[in-house]
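Open the model in your viewer and keep the selection tool at hand. The tour goes stop by stop.

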Amino acid sequence: MRIDVVSLFPEFIAQCAAFGVVGRAQERGLLELNGWNPRDHAQGNYRRVDDRPFGGGPGMVMLIEPLRACLAAVRAADSRPAPVIYLSPQGRPLTQVRARELAQLPRMVLLCGRYEGIDERLIANEVDEEISIGDYVLSGGELGAAVLVDVVTRLQDGVLNDAESAAQDSFEGPQGLLDCPHYSHPSTHEWGDVPEVLRSGNHAAIARWRRLQSLGRTWLRRPELLDEAGLDRADRALLDEFRRQQLDGQHKKG
Ligand code: 9D3
């Protein structure tokens, strides 16, 4: 997949994508990431990319022309069509479902705003989709773009190794549940022991325990996810078992 990022801080995205899974994907040619700076397409000695908002008020607005010229250069660099996605607090919140759809594209262009945002006419004429990464206030679109790059890169064929793929499948499979707890050495520690079942070698019992923990934690921490999870009879029985264990635990504590 080819991703072009338009940003006043293109090195920021490059750094975010230099390590780990995404860095490895770039080394293997599975991701081609390019940064573009609208300042390189601004006119005049000052190369202005922003100006004061009509109507007054605080902050600055990113100008149409440097962004338009920059996007034209981005398009000209590759003949394949590419949607322009504007990272913005007004966008639809990013989901794994949308990420899976975007990951199928051969190419996309990510547009990052700074200051109060971008002149609405540029958005109306050049942007195909607006995406937010959640209901909190960032200083600009760059972290949003880095998140989107990470999420869609992990979904490219050949990016994850077998172990990483298996872990991904169990989380985002048909039922999106929270992950179970994980333990490694040492098996006994002043902060507690590893649950006995995980050391039993009984793979069926281990799988059952993990499912029980996933269901239970989802119920405790993100109950709204269970509505969409489509639990079967076996899952509902496991969740009842978890609830009973919780109640027992409370009785023992008094
Ligand atoms: C304090 C500024 N706000 C005035 C009411 C508006 C505002 C403008 C620009 C808030 C945030 C931003 C910059 N944010 C992004 O560019 C952004 C973002 C975000 O803030 N939250 C979640 N997802 C995203 S994607 C891009």
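**Stop 1: an aromatic pair**

Select Trp219. Its relative accessibility is 27%, so Trp219 counts as partly exposed. Bear in mind that this is a predicted model.

At 6% relative accessibility, Phe242 counts as buried, because the cut-off for buried is under 20%.

Show both rings. The structure holds 1 aromatic pair. The ring centres of Trp219 and Phe242 are 6.3 Å apart and the planes meet at 85°, so the pair is edge-to-face. Colour the helices next: Trp219 sits in helix α8 (residues 203-221), while Phe242 belongs to helix α10 (residues 233-253). The pair therefore ties together parts that are 23 residues apart in sequence.

**Stop 2: Glu126**

Move to helix α5, residues 120-126, and pick Glu126. Is Glu126 buried or exposed? Its relative accessibility is 18%, so Glu126 counts as buried.

What does the side chain of Glu126 meet at 3.0 Å? Display Arg75: a polar contact of that length joins the two side chains. Then show the other neighbours. Leaving aside residues up to four places away in sequence, Glu126 touches Arg68, Leu71, Arg75 and Val84.

**Stop 3: helix α2**

Select residues 20-27, which form helix α2. Which residues of α2 are buried? They are Val21, Val22, Gly23 and Ala25. In an α-helix there are 3.6 residues a turn, so residues three or four places apart point the same way.

Gly29 follows α2, and its phi is positive, near 75°.

Key
Residues are numbered from 1 along each chain as its sequence is written. This is a predicted model: local features need pLDDT of at least 70, side-chain atom pairs count only at pLDDT 80 or more; totals for chains, interfaces and linings use all residues. Side-chain values use heavy atoms; hydrogens and water are left out. Helices (H or I, at least four residues) and strands (E, at least two) are DSSP runs, numbered from the N terminus. Buried means under 20% relative accessible area, exposed over 50%, partly exposed in between (1.4 Å probe, protein chains only). A polar contact is a pair of N or O atoms within 3.5 Å; within protein, one must be able to donate a hydrogen and the other to accept it, and residues adjacent in sequence count only if both atoms are side-chain atoms. Contact means heavy atoms within 4.5 Å. Rings of Phe, Tyr and Trp (its six-membered ring) pair if their centres lie within 6.5 Å; planes under 30 degrees apart count as stacked, over 60 as edge-to-face and the rest as tilted.
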